[in-house]
Amino acid sequence: MTVQPSAADEVVDLVSTLIRFDTSNTGDPATTRGEADCAQWVGDRLREVGYSTEYIEAAPGRGNLFARLPGADRSRGALLIHGHLDVVPAEPADWSVHPFSGAVKDGYVWGRGAVDMKDMVGMMIAVARHFKRAGIVPPRDLIFAFVSDEEHGGTYGAQWLVDNRPDLFDGVTEAIGEVGGFSLTVPSRHGGERRLYLVETAEKGIAWMRLSARGRAGHGSMVHQDNAVTAVAEAVAKLGRHQFPLVLTEPVAQFLAAVAEETGYEFDIDSPDLDGTIAKLGDIARIVGATLRDTANPTMLKAGYKANVIPATAEAVIDCRVLPGRREAFEREVDELIGPDVVRTWERDLPSVETTFDGDLVDAMNAALLAVDPEARIVPYMLSGGTDAKAFSRLGIRCFGFAPLRLPADLDFAALFHGVDERVPVDALQFGTEVLEHFLTNC
């Protein structure tokens, strides 16, 4: 009699293999690669155990793969479990291991995508395969979606699928995806430490803004009062130095209240040392701090073609992240800063996402985490970045970030996203797979 491996037994090899697919998304379709091959490999792993899959290309090479597992109660809304196959590029010379080696060493799986988000993709495959092999029927339909192009806004992935293949999401009412369910270890007010698991219930809007100005071209040796480079540079400097007002949204307030209850910290929104108190949370403070206000970070500049020629035009790109409900106020503030001589246009404009921290699905997340970690406490939080939930929420789907990992207390998890030496602990993958299996069995 052949003993079938458990989901947790398979997950490390699956994640390692996924990382070996170089699915670097440069933002340019001509140089982005690997998504189709990776999606087809995922499809092979699922068909091997009996799934019917559908492979969809939004453009040549931009592969997306779907599989549905029917549930016991077909009258209930389906649950979408989604993961993206693309990753941001990596420079091998900067890494301790090759970023596309999928090396397993020192208790970690190493490589680009290890936490963003081939860890979750591997867990999804492992659990999906286990359910088929074991004949497990979930309470409701499960739709496993493996999509492309998340790292450039989903033009050939989630956004395209929502616009062009909404039938793939028929009956879906809720979804889980990346950047949630991971542990944050904080000092307990009663002594020792407490593990909180952060479930993403909201994320800021993404708005990539292009600033442009026109002036009078001329010789660089002469006096010019109408210089496009100067106009854009002044606008960029004002935006880059500006601090937007503090705004305490409901998910952030809930998160801070839970942390305060566990730690005894006082997060006074009117305190001049609020940032200092948040810094006590450690490395996650970079994300939490960014969810207290809008941000506008200059990232690109373009002007001129010769040292002694004043160009007629200049441009800059600003990465703006806007809190839920703040869009109009944010735009007014930006316009006051950049002035009338600089024109702004939106290169990418994806809305904020927000849901409440309640309901049967949240209860199932809590139960799954407690089943594997009896000391767990789940708390809501807001992501400062963005995910494919921005696309799926347009269909009225209620979206959460829930890709469970129990992390070492001293691991700078936030720095691993798009960072050098990205890696995920082996035992965190196995833990997350057990949690995901329990969750999907009882969702």
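In this predicted model, Glu-174 and Arg-398 form a salt bridge, with 3.9 Å between the closest N and O atoms. Glu-174 belongs to strand β7 (residues 172-177) and Arg-398 to strand β18 (residues 398-401), so the pair ties together parts that are 224 residues apart in sequence. Both Glu-174 and Arg-398 are buried.

The whole structure holds 31 salt bridges. Three of them are listed here.

| Pair | N to O distance |
|---|---|
| Glu-174 and Arg-398 | 3.9 Å |
| Arg-62 and Asp-149 | 3.1 Å |
| Glu-331 and Arg-327 | 2.7 Å |

The pair of Arg-62 and Asp-149 ties together parts that are 87 residues apart in sequence, because Arg-62 lies in the loop between β1 (53-57) and β2 (63-69), while Asp-149 lies in the loop between β6 (142-147) and α4 (158-164). Arg-62 is buried at 4% relative accessible area, and Asp-149 is buried at 2%.

Glu-331 and Arg-327 sit four residues apart in helix α9 (residues 327-338), about one turn of the helix. Glu-331 is partly exposed at 22% relative accessibility, and Arg-327 is partly exposed at 25%. Through shared partners, salt bridges join Arg-327, Glu-331, Asp-335, Arg-344 and Asp-349 into one network.

The largest nonpolar core has 100 residues, and those touching the most other members are Phe-144, Phe-146, Ile-176, Phe-255, Leu-281, Phe-439 and Leu-440. Helix α3 (residues 118-134) contributes the most to this core, with nine residues. Leaving aside residues up to four places away in sequence, Leu-281 touches Leu-184, Val-186, Phe-255, Val-259, Tyr-265, Phe-267 and Val-288. Another core, of 21 residues, lies apart from the largest one and includes Ala-228, Ala-314, Cys-320 and Leu-337.

Key:
Residues are numbered from 1 along each chain as its sequence is written. This is a predicted model: local features need pLDDT of at least 70, side-chain atom pairs count only at pLDDT 80 or more; totals for chains, interfaces and linings use all residues. Side-chain values use heavy atoms; hydrogens and water are left out. A nonpolar core is a set of buried Ala, Val, Leu, Ile, Met, Phe, Trp, Tyr and Cys residues joined through side-chain atoms within 4.5 Å. Buried means under 20% relative accessible area, exposed over 50%, partly exposed in between (1.4 Å probe, protein chains only). Helices (H or I, at least four residues) and strands (E, at least two) are DSSP runs, numbered from the N terminus. Contact means heavy atoms within 4.5 Å. A salt bridge is a side-chain nitrogen of Lys or Arg within 4 Å of a carboxyl oxygen of Asp or Glu.
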